[in-house]
Amino acid sequence: MLTPIDFYYLVDELKEIIGYRLKGVYSVGDIILEFKSEKRKFFVAGRDYCYLTVKELEGKKENKFADFLLKKLKNRKVNNIYQDNFNKIVVFGFGRLKLIFEFIGKGNILLCEGDEILGAYTEREFKYRKILKGEKYVPPTGENFSWDVKEENKLLKLHVGEIYAKEIVKRDITLKDILKQKFSPRIYFKENEKFFVAPFELKTLDLDEKKKNSFSEAIEEVYRQKTKEERIKEEQKETLEKYKRQEKNFVAEAEAIFKNKKKIEKAIKDWKKKKELKEPIKKISGDKIFLDLDEIKTTIRFDEDLKKKIDDLYKKSKKARNKIKKIEKLIEKDFKKKEKKSIKKNKKKEWYEKFRHFFTSEGFLVVAGKDAESNEQIVKKHCKKSDIVLHAHIPGSPFGVIRSEGKDIPKKNIEEAAQFVGCYSKFWKSKLGVADVYWVSPEQVSKKVAGHQSIKKGSFMIYGKRNFLRVDLKLCIGLDEDDYIVKGPERAVKKYAKYYLVVVPGNEEGKKLGRRIKDKLKEKVGKEDKEKIERINIEDFLKVVPYGRGEVFLG
């Protein structure tokens, strides 16, 4: 495990991300912090090690503590990184907030404001300190020490480890001196196995070594366990190379036997008659004949049909080729998945994405407000003359607009839009199961009121005839081909979603409802899509449920 000496040198290397902003926090077993300035850097924290890398790690898992950290620290700039009192503790400063990594015992991560603990990866109570929310943060007590210490027993009490303690004693230097060595990270090997990692050359350790460009790179190579995805990828590459070699060797062997067929047959005949070894036979042992054919070495059996041997080799090469194609398809599929994720991440946001929205079964865009401000924007800014405006016949309803783009809007699209607006109105809270929604043309909607009365933001006067529809309060939630959450009436969602479920008014709410939606969707899909759904935060499902309350319809 890493020692306080290692962390002393490592912190200097970590300081290169001072000034970077935190952009992501997630788990792959280890906790990962993603930082960005001109470049992206990832800080990886395991139980007893940490390092900095430019490689994005695969296999992200849902993690409540990672979500908590991201909520508190997203877009904050790192203004300080330091080691706490020559201990195995690294502290990231974000202004008043401190993110503390303790690489002691089972390890822990804490977020503090000043000295107050806001949250911890693992809450614990010790004799002299409590790692609990709201408690004052007290670092672990360490040994009193002097920078001039050089005695082995005292050094071991500081947890510097036997190797560093022996290095200090044998070279007759002090702890202070060992912290002034020329930075030259390397990995030491014992019996061809990775044995030790150090930030500088150890004069007294007589082992094979390999220099590394950074201490982080050395730590990653020695300490980090690869994720399942990384191991699979490496195994795929190794297997692919193996089958490529096999295919090449089988073909070369078959071609060599075919080219030398007459020579081989003649040499075998001569052996049978005269017991003389002739080219291309090199050796005979039992029923095996060892051949040397134009740098291709192979064996055949006595009385083996050479034509059948050649056919068998070509069949083996064909099998290897088929396996190559399968593996290449798997690798290409993984690449496309990653590419799709990248496209999804970089996808430009459309103007309507800041509102509630869906596309009808015939492709008309419907947008609806979330509050008074968005109601105002939708009607004033995004409603054209040929569009249709909708509102539920109850106070506290969003305004909705069907964008016609100059086309006639068929009745079934109006019904779908009415159902959508009804679901996000206070009819949902009433649990009646139905809503009355009306639609009008844009010229019937106005801010003008008789006399000098004013009308509040997000509200409008409706003049003239209102066209009423009674709709069922059923909202479908699912995932589309790009794994985006889609919501809307069933007729519309059915067209765009790979799979979906129906939510109706009910009493279930919060994470319990979010988890139920997630689990019910997982029941509808195969293994690969189950993993995709598991990676979606339940909060993302709850965001699209009206008022965050309802129940999954099982009828």
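This briefing describes selected strands, cores and side-chain contacts of the structure above.

The model is predicted, so that local features need pLDDT of at least 70 and side-chain atom pairs count only at pLDDT 80 or more, while totals for chains, interfaces and linings use all residues. Residues are numbered from 1 along each chain as its sequence is written, and side-chain values use heavy atoms, with hydrogens and water left out. Helices (H or I, at least four residues) and strands (E, at least two) are DSSP runs numbered from the N terminus, and two strands are said to pair if DSSP finds at least two bridges between them.

- Strand E5 (residues 80–83) pairs with E6 in the antiparallel sense over four bridges, and glutamine 83 has valine 90 of E6 as its bridge partner.
- The hairpin of E5 and E6 has five residues between the strands, and asparagine 85 in the turn has a positive phi of about 50°.
- Strand E7 (residues 97–102) runs antiparallel to E6 and is joined to it by six bridges, with isoleucine 100 of E7 standing opposite valine 91.
- Two residues lie between the strands in the hairpin of E6 and E7, where glycine 95 takes a positive phi near 70°.

**Nonpolar cores**

- The largest nonpolar core has 47 residues, and Phe35, Phe43, Phe92 and Leu99 are those with the most contacts inside it; such a core is a set of buried Ala, Val, Leu, Ile, Met, Phe, Trp, Tyr and Cys residues joined through side-chain atoms within 4.5 Å.
- Apart from this core lies another, of 41 residues, among them Ala392, Ala418, Val421 and Tyr499.
- Not counting residues up to four places away in sequence, phenylalanine 92 touches residues including Ile17, Phe35, Phe43, Leu97 and Leu99, where contact means heavy atoms within 4.5 Å.

**The six-stranded sheet**

- Six strands form an open sheet in the order E18-E19-E21-E20-E22-E25, with antiparallel pairing.
- Strand E18 (356–359) and strand E25 (467–472) are the edge strands, each pairing on one side only.
- Four bridges join strand E20 (residues 388–392) to strand E22 (residues 434–440), and leucine 390 stands opposite tryptophan 439 in E22.

- Lysine 447 is found in the loop between strand E23 (445–446) and strand E24 (461–462), and is partly exposed, with a relative accessible area of 26%.
- The side chain of lysine 447 makes a polar contact with the side chain of glutamate 376 at 3.1 Å; a polar contact is a pair of N or O atoms within 3.5 Å, of which, within protein, one must be able to donate a hydrogen and the other to accept it, and residues adjacent in sequence count only if both atoms are side-chain atoms.
- The backbone oxygen of lysine 456 is also reached by the side chain of lysine 447, at 3.1 Å.
- Arginine 186 lies in strand E12 (residues 186–190) and counts as buried at 2% relative accessibility, and its side chain makes a polar contact with the side chain of serine 184 (2.4 Å).

Methods
Buried means under 20% relative accessible area, exposed over 50%, partly exposed in between (1.4 Å probe, protein chains only).
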